[in-house]
Amino acid sequence: MMKGCQNECPAGGCTGGATKQVTESFKAADLIIKPATTFKEKPDPSGLVFGTVFTDNMLTVEWSLTSGWEKPNIKPLENLSLHPASSSLHYAVEPRGETEENLVPMVWLNEYTLFEGMKAYRGVDGKIRLFRPTLNMDRMLRSAARATLPCFDKEELLECIRKLVEVEKEWVPHSTSASLYIRPTLIGTEPSLGVKKPTKALLYVILSPVGPYFASGSFNPVSLWADPKYVRAWKGGTGDCKLGGNYGSSIYAQREAIELGCQQVLWLYGEDHQITEVGTMNLFLYWENEDGEEELATPPLDGIILPGVTRQSILELARKWGEFKVSERYITMSDLTAALEENRVKEMFGAGTACVVCPISKILYKGKNLHIPTMENGPQLATRFLNQLTDIQYGREDSEWTLLVS
C-alpha cells in the first residue's frame with residue numbers, strides 16, 4: 001500500500017501514485033497482544049439482546065496521512081477517545097427519513113463511518129469457524145474506497161480478526177443456535193469540520209455474543225410496510241456499500257412502519273416502485289414468473305443493492321441445485337400484486353447475516369394488506385436454505401466456505 005494514500009483505490013487494493021512513498025499495510029505478524037487480565041462473566045445466549053454484550057478485548061489499528069498504518073493491537077475493550085470535531089461524528093449518520101429528491105445533496109453525510117457484520121460459530125465438533133469472511137473483507141475495502149478512508153490489506157485484516165476471535169474463543173457460544181458477532185469498523189478521526197478526505201482514521205473490531213435471531217426459536221414471518229416516499233438508496237449513491245449513514249437514515253422510516261403495525265420496511269425505488277431490500281436484508285421472491293417458469297428472483301446489484309454474503313450464498317446454492325430458474329432481475333410492486341392475484345407467489349423472504357433467512361407474510365402497500373403465502377408453502381425453500389447454510393456454519397457439513405479459527 002502507498003503511505004498516506006488518498007487516491008481512489010480499486011476494490012483489489014491500494015494503487016497509490018507515482019509521487020507517493022511506498023509503505024506496507026499493517027501486518028498480522030506485527031500484532032501486539034496485551035489482553036485483559038480481568039474477565040466478565042459469559043452470558044446465557046438464550047437471553048441475549050443483539051449487540052448489547054461485548055467481549056473482554058478489541059482490535060485497533062490507527063492510520064494517519066503522515067505515518068500510514070500503525071501496528072495492530074489486541075487490548076482490553078475500552079471507550080474511544082475522539083476529538084469533538086472528528087469527521088465521523090459529523091458526517092456519518094445525520095440524515096433522517098429523507099425523501100429521494102433530498103438525498104443526492106446529502107451524500108457527504110454518508111461518509112467517514114463504515115462497518116462490516118460477520119460471525120464466528122462453534123461447530124458440533126467444537127471447532128470455531130468463520131463463514132465466507134473474505135467476502136466481508138472485499139466489501140469493506142470497497143466501502144473504504146467509496147468513503148475516501150484508507151485502504152488496507154484484506155488478508156492481513158482477516159488474520160488479525162482471526163487472532164482476536166482466537167483470543168476470545170471462550171466467548172463463542174457453546175450452542176448451535178447462537179454465535180459471536182464480529183463488527184469491524186473504520187472511521188475518520190481527523191479533528192476538522194471540513195468536508196474532505198480525512199487525514200486520520202481508526203480501524204477497530206469489537207465482538208458481541210448473540211443468541212437466536214427469533215427469540216422463540218421458531219421461524220417467525222415478518223410484516224412489511226412499502227411506501228415510496230422514503231428510499232434507502234439511490235443511483236449514484238452508496239447503497240452498495242456498508243456505510244453508517246445508510247443505516248442511520250433508515251431509522252425514521254422504520255419507526256413509521258412500526259406505528260402502522262408492521263415490523264420492517266420494504267424499500268421501494270423509482271416511479272415503477274421497484275422492490276429493493278427489506279429492512280437491512282436482501283430480498284428473494286420464489287414464484288411462477290410471467291412466463292410460467294418456477295423462479296427464484298432477487299434484485300440485481302445495480303448500485304442500489306448491498307451485495308450481501310448470505311445473498312450470494314443463496315444464489316450459488318440455488319444455481320448448484322439446478323432445480324428452478326435463478327434470476328437477478330427487477331421486480332416491481334405491480335409485478336408482485338399481479339402474481340398474488342394469479343396465485344403465482346410461493347414464498348418471499350429476506351436474507352442476511354443476522355437471521356440467515358426471514359420469511360415474509362404480509363406487505364402493507366397503498367393502504368391495503370397484501371397476504372404473502374410464504375408460511376402456507378412450508379416455507380419449503382426458505383427452510384431448505386436455512387438448514388443448509390447453518391449446517392455449513394456449524395460444521396455439520398464440510399465446505400470451502402468456512403475458515404477455521406481453532
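## Cavities, pocket and cores of a predicted model

The largest cavity has a volume of about 110 Å³. The structure is a predicted model, in which local features need pLDDT of at least 70 and side-chain atom pairs count only at pLDDT 80 or more, while totals for chains, interfaces and linings use all residues. Residues are numbered from 1 along each chain as its sequence is written, and side-chain values use heavy atoms, with hydrogens and water left out.

On a 1 Å grid over the protein atoms alone, a cavity is a set of points where a 1.4 Å probe fits but cannot get out; a pocket is an open set with protein on both sides within 12 Å along at least five of seven lines; lining residues have an atom within 4 Å of a point. Grid points are joined across faces, edges and corners, and a volume is the space filled by probe spheres set on the points.

Of the 13 residues lining the largest cavity, Y121, F131, V309, T353 and Q393 are the closest to its centre. At least two lining residues come from each of β6, α7 and α9, and β6 gives the largest share, 3 residues. Helices (H or I, at least four residues) and strands (E, at least two) are DSSP runs, numbered from the N terminus. In the whole structure, a search finds 6 cavities of 30 Å³ or more.

The largest pocket has a volume of about 770 Å³. Its lining comprises 30 residues, of which F50, Y247, T280, M281 and A354 are the closest to the centre. The elements that each supply at least two lining residues are β8 (179-188), α6 (251-259), β11 (264-269), β13 (281-288), α7 (309-321) and β16 (345-352).

A nonpolar core is a set of buried Ala, Val, Leu, Ile, Met, Phe, Trp, Tyr and Cys residues joined through side-chain atoms within 4.5 Å. Buried means under 20% relative accessible area (1.4 Å probe, protein chains only). The largest such core has 39 residues, and F152, L157, I182, L186 and L203 have the most contacts inside it. Elements that each supply at least two of its residues include β2 (57-64), α3 (133-146) and β9 (200-210); α4 gives the most, with 6 residues. Beyond its neighbours within four places in sequence, L203 is in contact (heavy atoms within 4.5 Å) with residues including F26, W69, M140, F152 and L157. Another core, of 27 residues, lies apart from the largest one and includes V309, I314, L315 and F349.

G378 and P379 are joined by a cis peptide bond with omega of about -5°, and P379 lies in the loop between β18 (368-371) and α9 (380-393). Phi is positive, near 50°, at R132, a residue in the loop between β7 and α3. R132 counts as buried because its relative accessibility is 10%. In strand β17 (residues 356-365), V356 has a positive phi near 70° and is buried, with a relative accessible area of 9%.

The structure holds 0 disulfides (pairs of cysteine sulfur atoms within 2.5 Å). For C355, the nearest cysteine sulfur, that of C358, is 4.8 Å away. C355 is buried, with a relative accessible area of 6%.

How values were computed
Buried < 20%, exposed > 50% of the residue type's maximum accessible area, 1.4 Å probe, protein only.
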